[in-house]
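Colleague: I am new to this one. Please take me through the terms as we go.

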Amino acid sequence: MQQERVYNFSPGPAVLPVEVLEKAQKQLVAYETAGMSVMEMSHRSAAFEEIIMGAQDLLRQLMNIPQGYQILFLQGGASMQFSMVPMNLVRGGKMDFVITGQWAKKAASEAARYGQVTTIASSADRTFAYIPDLDPSTFSPDADYFHITVNNTIYGTRYTSLPDTGSVPLVTDMSSSILSEAYDVSRFGLIYAGAQKNIGPAGLTIVIIREDLIGNPLPHIPTMFDYKTHADNKSLYNTPPTFGIYMAKLVFEWLAAQGGVKAIQKYNEDKAAVLYDFLDNSKLFQGTVDKRDRSLMNVPFVTGNPDVDAQFLKEAKRKGLVNLGGHRSVGGMRASIYNAMPREGVHALVDFMKEFEAQNG
Ligand SMILES: *Cc1c(COP(=O)(O)O)cnc(C)c1O
């Protein structure tokens with residue numbers, strides 16, 4: 001017997017479209033005419049070649065990735081990119097970072113192993129509840145790259161405009177907002193994202209890199225850490241995470257069928273507005289982020305009373321609204337409402353919050 005699905009507000013690994021899971025289920029034992037599961041297939045087979053190339057083409061279309069950029073399917077998560085980016089992009093040895101949360105901090109501290117990191121701005125003074133204003137006159141003109149975390153999963157902030165870094169490549173961690181809104185890829189030198197928030201199962205990492213940034217790594221880095229290894233071999237230098245790539249392709253197909261990124265962005269804006277409008281009018285619950293910087297994907301909120309928060313989380317779980325706890329470093333609640341979270345899930349959450357407020361307000 002199949003158990004009923006809940007509304008899963010997990011920050012990651014996160015909800016996937018049910019249509020995608022069902023399609024994968026149908027194809028699990030025997031993929032199309034291959035007579036075997038994708039999991040059992042050679043990564044050098046014609047069938048898998050079609051899957052990986054298809055996934056790449058779909059991602060290129062969905063994100064409108066220009067010629068001159070390569071798409072790489074890697075492993076190691078966003079966390080490995082914290083090291084791989086400096087290993088490949090450091091030339092003179094200077095890097096600029098904006099510190100908007102724990103992931104940005106981790107990225108900066110890894111980069112500092114390879115050169116001199118300058119913190120251009122930080123929002124640590126108010127627990128990362130906003131995106132700091134950036135003044136380009138403070139940027140290092142000779143930096144090897146300028147790093148931002150475009151959506152901050154833990155604190156629920158996002159950049160609504162990108163810094164103008166001139167000829168310095170802009171690098172971003174896009175793990176929790178890739179494909180959720182339209183980004184102009186040509187503004188970036190490099191984009192990286194773990195798949196497990198908006199794309200598919202954990203184990204696949206996406207890198208989108210401008211070609212001129214490939215092929216000049218620091219000496220003595222491992223072959224596997226050199227972007228050129230993967231670019232030259234179409235992400236098939238060694239065995240890639242084959243099933244994850246297959247799942248990503250199904251998600252990309254699903255997203256295209258929803259009308260693509262612009263359409264899902266509108267859907268996401270409407271979904272987030274339902275929750276934010278409620279928070280702005282609630283007497284019990286408050287959002288924790290400055291309005292102009294609110295994320296469309298991760299919505300943190302609190303009651304101000306940890307006991308009431310705990311009670312809320314317990315009752316929500318009983319209603320099939322799960323994984324609403326805030327990050328262990330901040331407490332409170334956080335609803336992650338990625339692309340695959342249906343509008344109905346957000347309505348169910350808000351309905352329950354109203355009910356809880358009436359009883360506890
Ligand atoms: C989840 C997340 C990470 C960590 O990703 P891993 O794939 O676990 O290394 C890094 N950055 C951001 C913005 C995230 O949301």
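Modeller: A polar side-chain atom of Ser-79 lies 2.6 Å from an oxygen atom of the ligand. This is a predicted model, where local features need pLDDT of at least 70 and side-chain atom pairs 80 or more, while totals for chains, interfaces and linings use all residues. Residues are numbered from 1 along each chain as its sequence is written, and side-chain values use heavy atoms, without hydrogens and water.

Colleague: How much of the ligand does the protein cover?

Modeller: The protein covers 86% of the 390 Å² of accessible area that the ligand has on its own (Shrake-Rupley method, 1.4 Å probe).

Colleague: Which residues come nearest to the ligand?

Modeller: Of the 13 residues around the ligand, they are Ser-79, Thr-153, Asp-173, Gln-196 and Lys-197; a residue is near if one of its heavy atoms lies within 4 Å.

Colleague: What kinds of residue form the shell around the ligand?

Modeller: Three are nonpolar, eight polar and two charged. Asp, Glu, Lys and Arg count as charged; Ala, Val, Leu, Ile, Met, Phe, Trp, Tyr, Cys and Pro as nonpolar; the others, Gly among them, as polar.

Colleague: Why is the pair of Phe-128 and Tyr-155 called tilted?

Modeller: The structure holds 15 aromatic pairs. Rings of Phe, Tyr and Trp (its six-membered ring) pair if their centres lie within 6.5 Å; planes under 30 degrees apart are stacked, over 60 edge-to-face, the rest tilted. Phe-128 and Tyr-155 have ring centres 4.9 Å apart and planes at 55°, so the pair is tilted.

Colleague: Which peptide bond is cis?

Modeller: The one joining Gly-12 and Pro-13, with omega about -10°.

Conventions: Polar contact = N/O pair within 3.5 Å; in protein donor to acceptor, adjacent residues only side chain to side chain.
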